Amino acid sequence: MKHLTAAPDLTTERLVLRGPQQSDLPEFTRFMTSAPSMVAQEETVTAEQAWFGFLASIGHWHWHGFGFFMVVEQETGQPVGRVGLIKHSDWPEVELAWHLFEGSEGKGYATEAAVAVKAWARADLGLERVHSYIDVENVRSQAVARRLGAGTDGTRASHEPEAEVWVHRMDV
């Protein structure tokens with residue numbers, strides 16, 4: 001299947017991180033419209049909004065040279081989520097973000113994939129710092145950030161008042 005971006009393929013022990021493909025849209029749409037984690041955070045969207053979000057993610061790669069990777073289990077070829085770098089027009093810093101599809105949580109995939117993305121961001125993009133904007137009640141994402149060597153600086157994200165700013169060390 002053809003990549004829609006110039007994203008490199010990154011490989012970890014259990015995962016392949018690759019650019020988005022057209023065949024990823026149904027799984028992404030299902031996640032964005034109905035995943036329990038999205039429902040719990042009151043962040044579900046319509047199918048049309050998911051489509052626009054998917055295209056914006058592709059555009060991120062073309063505009064910035066980075067974006068979300070689709071995270072796929074090597075063994076099964078099954079997409080398990082998205083992990084990558086994003087920076088919207090009104091954001092002060094590049095964000096390292098992760099979204100796991102239901103049934104993929106609790107297996108260490110977010111941490112494993114994010115370690116690979118951080119190494120790529122440092123080596124290939126020359127980034128010296130990235131942030132994660134994590135909802136103050138999202139303890140699972142906070143735990144991932146800690147495993148990645150990040151810590152909160154105690155401030156809230158200007159674009160998302162319920163999210164704390166987590167700063168990542170790039171050498172971890």
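**Side-chain contacts: aromatic pairs and salt bridges**

Hi everyone. Let's start with the rings: this structure holds seven aromatic pairs. Please keep in mind that we are looking at a predicted model.

Here is one of those pairs. Phe31 and Phe101 have ring centres 5.3 Å apart, and their planes meet at 50°, so we call this pair tilted. Where do the two residues sit? Phe31 is in helix α1, while Phe101 is in the loop between β5 (95–100) and α4, so the pair ties together parts that are 70 residues apart in sequence. Phe31 is buried at 3% relative accessibility, and Phe101 is buried too, at 1%.

Now for a pair of tryptophans. The ring centres of Trp61 and Trp120 lie 5.8 Å apart with the planes at 50°, so this pair also counts as tilted. Trp61 belongs to helix α3 (residues 47–64) and Trp120 to helix α4, so to speak two distant parts of the chain, 59 residues apart, that the pair links. Are these tryptophans buried or exposed? Trp61 has a relative accessibility of 6%, which means buried, and Trp120 is buried at 8%.

On to the salt bridges. How many are there in the whole structure? A search finds five. Let me walk you through some of them.

In one, the side chains of Arg14 and Glu112 meet at 2.7 Å, N to O. Arg14 is in the loop between β1 (10–11) and β2 (15–18), and Glu112 is in helix α4 (residues 109–123), so this bridge ties together parts 98 residues apart in sequence. Arg14 is partly exposed, at 31% relative accessibility, whereas Glu112 is buried at 16%.

Arg18 and Asp24 form another salt bridge, at 2.8 Å from N to O. Both of these residues are buried.

Then there is Glu27, which forms a salt bridge with Arg30; their closest N and O atoms are 2.6 Å apart. The two residues are three apart in helix α1 (residues 25–34), which means about one helical turn separates them. Arg30 is partly exposed, with a relative accessible area of 27%. Which residues join up here through shared partners? Glu27, Arg30 and Glu102 are joined into one network by their salt bridges.

Note on methods. Residues are numbered from 1 along each chain as its sequence is written. This is a predicted model: local features need pLDDT of at least 70, side-chain atom pairs count only at pLDDT 80 or more; totals for chains, interfaces and linings use all residues. Side-chain values use heavy atoms; hydrogens and water are left out. A salt bridge is a side-chain nitrogen of Lys or Arg within 4 Å of a carboxyl oxygen of Asp or Glu. Helices (H or I, at least four residues) and strands (E, at least two) are DSSP runs, numbered from the N terminus. Buried means under 20% relative accessible area, exposed over 50%, partly exposed in between (1.4 Å probe, protein chains only). Rings of Phe, Tyr and Trp (its six-membered ring) pair if their centres lie within 6.5 Å; planes under 30 degrees apart count as stacked, over 60 as edge-to-face and the rest as tilted.
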